[in-house]
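I opened the entry to see how the chains are built and where they meet. These are my notes, in the order I looked things up.

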Amino acid sequence: MTNAVSIRPGRPVATELVRRLPEYLMIWVPLLLSAAHLVSFSLWTIWISFTPSTLIPVSGWVGLRNYSAVAASRNWQIAFDNLLLFGSAFVVLSAATGLVLAILLDQRIRGENVLRSIFLYPLAVSFVVTGTVWSWLLNPGLGIQKLVHDLGWTTFKFDWLIDRDMAIWTIVIAAIWQSSGFAMALFLAGLRSVDADIIKAAQIDGAGPVRIYRRIILPSLWPITITVVVIQLQFAISTFDLVRALTNGGPGIATQLPALVVYDLMFQRSLLGRGAAAAVLMLLILLAVLLPYAAWRYVQQRRAAHA
Amino acid sequence: MRDRGFAPGRILIYLAVSLIAAAWLAPLVVVVLNSLRSNEEIAQASMIGWPQHWAWNNYVVAWSGFCVAETCAGIRPYMLNSALVTIPATIFSTLLGAIAGYAVSLWRFRGDNWIYGIVTLGLFLPQQMRLLPWTVVLRDIGLINTLTGLVLIHTIQGLSFTTLFCRNYYVAIPHELIRAARIDGAGFFRIFWRIILPLSGPILIVTVIWQFTHIWNEFLYGVTFTTGQQQPVTAALIALSAAVADIPQHGVQSAAVIIAALPTLLIYLLGGKYFVRGLTAGAVK
């Protein structure tokens, strides 16, 4: 029996350690597990991306061959082009929608709380639900087009869901519906924090509402706009569920996105090395957005600290 | 610009805002109405219409009747799966995150900034970077295709959010409070239990709502690490759509969608203020 050593009197350091063991465990175990899994999982996936792994992970070194194979595949090229289009269209339109909603709600209108709840409720439902519902509404044989036909306008056409060139826009529509409310919430908070004295001063100087918005209020929203754009971009880059439920990448592979390519390579084609390479490429795209943002935030904070 | 009264401008504002609100509500209204129309009625007309006969039976079939593959138990077992994953994972991640946030913000220890910095990176790391490692880990510890495995994943990954939320909240608590309690001989847990927890009401509500909504709505891990009868409801909805692709049952499917969305929608209705606070707190990282 050697386990009694630490609680023997006269050894204060060890005693203290044992006494405080529960709190050390409660602090360190979860934090270490979380940090360790983030670091080791990332490194492991990066390592796999350089190996010839297919069905199971194997060691070995193939250099950048997985990356060149992914980058050369039609699947990835379409996914990347789609991401550029979807990402920019969705980010611009959802930020614009959110800003318009925020400005409208900021006009001291009645029922603001109810309206705000209506614009935000899509954020509470899953992308699977959103995608499924919009796949019905946008299905030309079932949804909006069918309704308009039944009402008598039989030449009406709204069949983006089955149109290779336009299908990506159905994802833009559903994504805007789901997350413009988020942009609205942030913009509204920004609008409400504009200094009321400055606005009053401008009003006294005879500035009209349009001028006040253009000269004073909107310029002050820049930092929030950047935050909104970055968060929406982060969402766009990792979009998976929404597409899976809405178009499942189709028609054909017309609405393929990087996250779907990763899943396809890893779990449907069992090409683990290439799947890992595609995942690392996703991470790099994300870093291309987040690192400049982090640098900008850093500069802003430094400036605020000096001011 | 902020004058009251009924100028034409204000009528335009109300008109615009009502139209957009109607468009935002339309998908929900359409699905609720469809959940009360028979499959045949929808097939003959379109997805958008008023029920001619109220087909309440759709909910019975959706809840416990329809078939995916060879099992005909409706959506009930998958709802149960989602509950059995979401509730424990929400409780564990919130509790552990509160303790971690408390330790990092008020207790301070060597390396706390470092480890906190790494943990918060989890907010940004794409799920795709963790799919393969989780597959291997779950297989090695025998938790692949189990609800326990999903609880483990969501608890560990949720820590990034819960620690951040709680830490940012606790940072505002004055250190003197803690120092005084320590001089009185109170330890780590006693201070947490007696001082911190009673102050934590709002942030715990925000965290619980955020975690519950995220885990309930999660799809990628569910579909990757579980199959068949073990899947959460999001994955089951996709499986249902695929299973009935040849002979769609839109009435029943709509009812299933409503049932699957109901828990998070109810939480949103009850705790909207806290929901939004979580949303914006997560944004201003």
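Confidence. I noted at the start that this is a predicted model. I looked up chain A, and its mean pLDDT is 91. In that chain, 96% of the residues reach 70 or more. I then checked residues 1-8 of chain A, where pLDDT stays under 50. For this stretch the model has seven contacts beyond four places in sequence.

Domains. I found two entries in the domain assignment of chain A: domain 1 (5-48) and domain 2 (70-306). Taken over C-alpha atoms, the centres of these two domains of chain A are separated by 41 Å.

Core. Which residues touch the most other members of the largest nonpolar core? I found A:Ala278 and B:Ala256, in a core of 163 residues. Helix H8 (residues 167-192) of chain A supplies the largest share of this core, 15 residues. Domain 1 (5-48) and domain 2 (70-306) of chain A both contribute residues, so the core lies between them. I then listed the contacts of A:Ala278, leaving aside neighbours within four places in sequence. They are A:Val70, A:Trp76, A:Pro258, A:Val261, A:Val262 and A:Leu265.

Contact between chains. I looked up how many residues each chain puts into the contact: 70 from chain A and 66 from chain B. On the side of chain A that touches chain B, helix H2 (residues 21-48) of chain A gives the most, with 16 residues. I sorted the residues of that side of chain A by type and got 53 nonpolar, eleven polar and six charged.

Methods:
Residues are numbered from 1 along each chain as its sequence is written. Chains are lettered from A and ligands numbered from 1 in the order in which they are written. This is a predicted model: local features need pLDDT of at least 70, side-chain atom pairs count only at pLDDT 80 or more; totals for chains, interfaces and linings use all residues. A nonpolar core is a set of buried Ala, Val, Leu, Ile, Met, Phe, Trp, Tyr and Cys residues joined through C-beta atoms within 7 Å. A residue is buried if 20 or more other C-beta atoms lie within 10 Å of its own, exposed if 12 or fewer, and partly exposed in between; C-beta atoms are placed from the backbone. Helices (H or I, at least four residues) and strands (E, at least two) are DSSP runs, numbered from the N terminus. Domain bounds come from an automatic or database domain assignment. Two residues are in contact if their C-beta atoms, placed from the backbone, lie within 7 Å. Ala, Val, Leu, Ile, Met, Phe, Trp, Tyr, Cys and Pro count as nonpolar, Asp, Glu, Lys and Arg as charged, and the others, Gly among them, as polar. pLDDT is the predictor's confidence in each residue, from 0 to 100.
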